[in-house]
Amino acid sequence: MLNLDDIRKSSELLSRGQRLLVFCHANPDGDAVGALLGMSFLLEAAYPEKPVIILCKDEPPETLKFLPGTERITHEPRMQEGDVLLFLDSAEPKLTGLHESHAELFADNVQSINIDHHPTNSNFARINLIDPNAASACEIVAMIADVLGWDITSDIATCLLTGVYTDTGGLLHSNTSVQVYRTVARLLRAGAAQQEIVKHVFRTAKPSTLKLWGRVLEKISITEEGGAVSAVTKGDFAATGADYSELTGAIDYLNAVPGMRFSMILSERDGQVKGSIRTLRDDVDVAEMAGKFDGGGHKKAAGFALPGKLKSEVRWKVVEDDS
Ligand SMILES: [Mn+2]
């Protein structure tokens, strides 16, 4: 639960800002883009005299370009005296991809607000609005808007509902709480374009995406530890013409293998191997598993990134010939 006092302090901080810079994490997903745009529009309405600058290191994936305002996302922050910064859905500075190129964003004297639902959040900002019980950052943004009496327009509701949907896998994941359904009802009442979201996010797949998923599915192997594991190499991305963002969602198919403790997809990108881990079980903590590789996340959905590349290993075993 969020502290109402912290929400009030945030609004005081925002009202003192000359400009408002809103950020989400790099390689943005539906929750990151939805919260980024939803919050930016809320701020523009609440503080019409203040410039609101919308920032993300990377472009949003094609599937999210239907959201209003994606063309306003810029990639290079230029901080000025009097700026107030907001970070969304980002558990730590490095996830913005800007911590090295723009270390000034995270300096001690910066006026910043951190809105997130990752339990691993490092509370790196001046004010930290962290609710690990929330299923998405968008859910928290909707809640803050209601606490502060900010009007949620239909465009804002569409942005926020996108994050609520994507971070719950279309209301299917175990994080789909009573509060998630309440938020959905709230956003539908505000006029969210629910069918547009469903169409673009869950019912649209480019041929390159389907081909990439084909490779993921073909390469599933079951490990001794009870994991359904697959991997995609740089070569797979090149051969299918898919980009990294198109891998999103494929892991749910690995999770469908019965009896597994967890599922994992390893993918090569930019000289790194990224691991995404999921589990459907209550007695497995994938955030802890990811932590062993310097990663983090939630108990049921986590990830890590290691420098290097993938090397496939085929294991052969000689057995008795009983044919
Ligand atoms: Mn999220």
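**Labels and their grounds**

Tutor: Start with Thr63, which sits in the loop between strand 2 (52–55) and strand 3 (83–88). Helices (H or I, at least four residues) and strands (E, at least two) are DSSP runs, numbered from the N terminus. The model is predicted: local features need pLDDT of at least 70, side-chain atom pairs count only at pLDDT 80 or more, and totals for chains, interfaces and linings use all residues. Residues are numbered from 1 along each chain as its sequence is written.

Student: Why is Thr63 called buried?

Tutor: A residue is buried if 20 or more other C-beta atoms lie within 10 Å of its own, exposed if 12 or fewer, and partly exposed in between, with C-beta atoms placed from the backbone. Thr63 has 24 other C-beta atoms within 10 Å, so Thr63 is buried.

Student: Which residues is Thr63 in contact with, leaving aside its neighbours within four places in sequence?

Tutor: His200, Val201 and Thr204. Contact means that the C-beta atoms, placed from the backbone, lie within 7 Å. Thr63 and Lys206 are 143 residues apart in sequence, yet 9.5 Å apart in space, C-alpha to C-alpha.

Student: What makes Asp151 exposed?

Tutor: Asp151 has 11 other C-beta atoms within 10 Å, so Asp151 counts as exposed. Asp151 lies in the loop between helix 3 and helix 4. Its C-alpha is 8.6 Å from that of Ala46, 105 residues away in sequence.

Student: How do you know that the span of helix 4 is close to the expected one?

Tutor: The expected span is 1.5 Å times one less than the number of residues. Helix 4 (residues 154–167) has 14 residues and reaches 20 Å from its first C-alpha to its last, against 20 Å expected.

Student: What makes helix 4 mostly covered?

Tutor: 12 of its 14 residues are buried. Among them are Ile156, Cys159, Leu160 and Tyr165. The buried residues pack against helix 2 (30–46), helix 3 (137–148), helix 5 (178–189) and helix 6 (194–202). Just after helix 4, Gly169 has a positive phi of about 55°.

Student: Which residues touch the most other members of the largest nonpolar core?

Tutor: Val22, Phe23, Leu36, Leu86, Leu88, Val141 and Leu160, out of 60 residues. Such a core is a set of buried Ala, Val, Leu, Ile, Met, Phe, Trp, Tyr and Cys residues joined through C-beta atoms within 7 Å. Helix 2 gives the largest share, 9 residues. A second, separate core of 23 residues includes Leu212, Ala242, Phe262 and Ala287.

Student: What is Leu88 in contact with, beyond four places in sequence?

Tutor: Its partners include Val22, Phe23, Leu36, Met39 and Ile115.

Technical notes: Two residues are in contact if their C-beta atoms, placed from the backbone, lie within 7 Å.
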